[in-house]
Amino acid sequence: MDLYLPVANLSVNALVIIMLGGGVGLLSGMFGVGGGFLTTPLLIFYGIPPTVAAASAATQVTGASVSGVMAHLERGGVDLRMGGILVVGGIIGSMLGALIFELLASVGQIDTAIAILYVVLLGSVGSLMAKEAWGVFRANKAGVPPPARKRRHHPLVASLPLRWRFYRSGLYISPLAPLILGAVVGILTMLLGVGGGFIMVPAMLYLLGMSTQVVVGTSLYQILFVTIATTMVHSMTTGAVDIVLAGLLLLGSVVGAQIGARFAQRAKPEYLRMALAAVVLLVALQMAVGLFIRPAEIYTVQ
Amino acid sequence: MMWRGIGMAGAMMAALCAAAPVAADQQDPRLVPDVSSRNIEIQYSFTGEELLLFGAILYPDQRLPDDRADIVVVLKGPVRPMVLREKSRVAGIWVNAQSLRLRSAPAYYAIGSSRPIDKLVDERTAAIFELGLSNLSMSPTGFGEAENLGRMEAGLIDLYKRLGLYYENSSAVEISEGVLYRARLAVPARVPEGTYRAETFLISKGRVLAVASRDVEIRKAGFERFVAESAEENGFLYGLSAVALSLVMGFGASALFRRR
C-alpha cells in the first residue's frame, strides 16, 4: 500500500512504516525506552531524508512516552521539581540544537555528525549496559547478590553553586546540574530524533545519584515534554516534521508498546537489559560500518 | 490506456484539420504538440505518472519530404539552485569533502528521441538546444578545477538517473506515417512541484526545423497540498497539530488496552 509523504516528498509503503513503528514500539514497551535511536536510523536506511527522519521520529517518541508518563505519575514515580528543571534545560537545549543543526547543515556535515554521535553515544552506553547486565547475570549464577552501589552524586555536581532540595529524588544539589543535563539531552533530541532516555537514565543514576524509584518516571516526563518542544522547534525552523510519516509510525508503535509492556512483565530483567544492550550495540555497529566503508552514494544534493 | 489512445487520435485529427490552412503558406514544417495531462496532481497514493507526449508534424502543402525527419522530446522540471556534495575519505571516515553550487540544474530532465542524439545533430547544436544530459548547462559557481567539475556533474547525473529524475532514451519516440509522433516519459513520485516544460524538436539533416512546447503543472492536491502548505507557512500550528496527534494516539492506545 503506497502512501505519499507530503513533507518528505516521496512515496513509501505504508505497511512497512507501520511495521517499523510496531517493532520499535515493541522494544520500547519491553525496555521502557522511547526507541527514537532505532527509528531515525531505520528511516534513513529506508530512504527518508535524515532531517525528516529525525524530526518525525521525535514526534513519534512523544506518543510512545505518554502512557508511560501517566502510569508513573499515578504511582508517584516522577520528581516533578527535578522533571521541571530538566524540561526547562531540554527546551533550551532543543533551541541550541536547532542552531547547531542549521550550522552543520549549511556546511554539509549534518549526516556525518549524526552518524558519529550515534556511534559514540550508543557504543559507549551499549557497552556499559552489557557490562553491567553481564555482572548481574554472573552474580546470579554464582548465587551471590551483586554488591549494592553506593548512591552518590558525582563530585563535579557537588561543586556547582546554589543548592536546592529534591525530596523525591532524595537529593540536595545545585539545580544547574539537571539544567545542564537537560540541555545536553535536548540538543541530542533535536539532532538525532531520540528521546534521550538511554543517556538520561544512566546520567541520573551515576552523575546526579537520584533515587532509583523516580529515575525512569522522571526521565520519561522529561522526554515527553522535550520531544514536544523539539517537534515545535523543528516545525518552525527546518519544517521537516512529516505528520503523515509520524502518524504511521505512531499507529504501529503505540500498539507495539502495549504488547511489549505485557511481555516485559514476564521476562527476567537481566535478560531484557542484555537484549537491549545487544540492540543498542548493533545499531552503533551499523552506523560505524557506514562511516568506515565506502557508502553506496557518494553524492548528495541539498 | 485505451481512452488515452482514442483521445489522442481525436485531438490530433482536430489539430490537423484546424492547423492545415495556416501551415500551407509557410516554408518550414510545423509541430502541433500535446501532452496526455497538463495538470498532474500529487495525491495520497501518488507513485509517479507516465506522461505521454504526442503530436503531429505539419508539412507545407501536406507533402511528406523524401528524407525522414526525427523528433526529440524533452520534459524539463523547474530549475533551481542546488548544492551538490561529494563524499571522500578523510582520516578514515567518509565525509562530505567537496561541494559544488549549481545555479540552474533542473530538478527533473527526461529526453526521448527517435534516434540517438549524436546521430541527429552535431555537438554545437546539441549544446545550444541543451539536448541530452551531457549538454545541460547547470551554471556551476564557486569551484576551481575543471576536472573536478566534470566528475561531480557526472556524479549528479548518475545519482539522478538512478532516482529516475534524469532519463535518456534514444528510442522513446515512435513516429507513424511520418506525421504522428508519440513518446512516453516516466515522472517518478519524488519530483518537486512546479511548472514542467514539454518541448518537441523536429530535426532533419542536422538542422532543428521546428520547436514547440507545452507546459505541464505538477502540484500537490487535496490533503497533501494542505499538509505541505501548512508545514511551510504555518509552522507553529502545524507543530501543535503534530503534537496533538501523537498525544491523542498515545492516550488512545493506552486507554484501549487498559480496558481489556
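In this predicted model, Ile42(B) stands opposite Lys220(B), a residue of strand β13(B). The two strands concerned, β2(B) and β13(B) (residues 207-220), run parallel and are joined by four bridges.

- Six strands of chain B form an open sheet with mixed pairing, and their order is β2-β13-β12-β4-β7-β9.
- The edges of this sheet are β2 (39-42) and β9 (166-169) of chain B, each of which pairs on one side only.
- From one strand to the next, the twist averages 15°.
- As a general point, the strands of a sheet pair through backbone hydrogen bonds, in either a parallel or an antiparallel manner.

**The contact between the chains**

- Chain B brings 46 residues to the contact, while chain A brings 44 residues.
- On the side of chain B that touches chain A, at least two residues come from each of β5 (79-90), β6 (93-106), α4 (146-162), α5 (222-233) and α6 (235-259) of chain B, and α6(B) gives the most, with 16 residues.
- That side of chain B is made up of 26 nonpolar, 13 polar and seven charged residues.
- Strand β5 (residues 299-301) of chain A runs antiparallel to β5(B), to which three bridges join it, and Val301(A) stands opposite Leu84(B) in β5(B).

**Confidence in chain A**

- Chain A has a mean pLDDT of 82, with 95% of its residues reaching 70 or more.

Terms used. Residues are numbered from 1 along each chain as its sequence is written. Chains are lettered from A and ligands numbered from 1 in the order in which they are written. This is a predicted model: local features need pLDDT of at least 70, side-chain atom pairs count only at pLDDT 80 or more; totals for chains, interfaces and linings use all residues. pLDDT is the predictor's confidence in each residue, from 0 to 100. Two strands pair if DSSP finds at least two bridges between them. Axes are lines fitted to C-alpha atoms, for helices over the stretch in contact, and angles run from 0 to 180 degrees between N-to-C directions. Two residues are in contact if their C-beta atoms, placed from the backbone, lie within 7 Å. Ala, Val, Leu, Ile, Met, Phe, Trp, Tyr, Cys and Pro count as nonpolar, Asp, Glu, Lys and Arg as charged, and the others, Gly among them, as polar.
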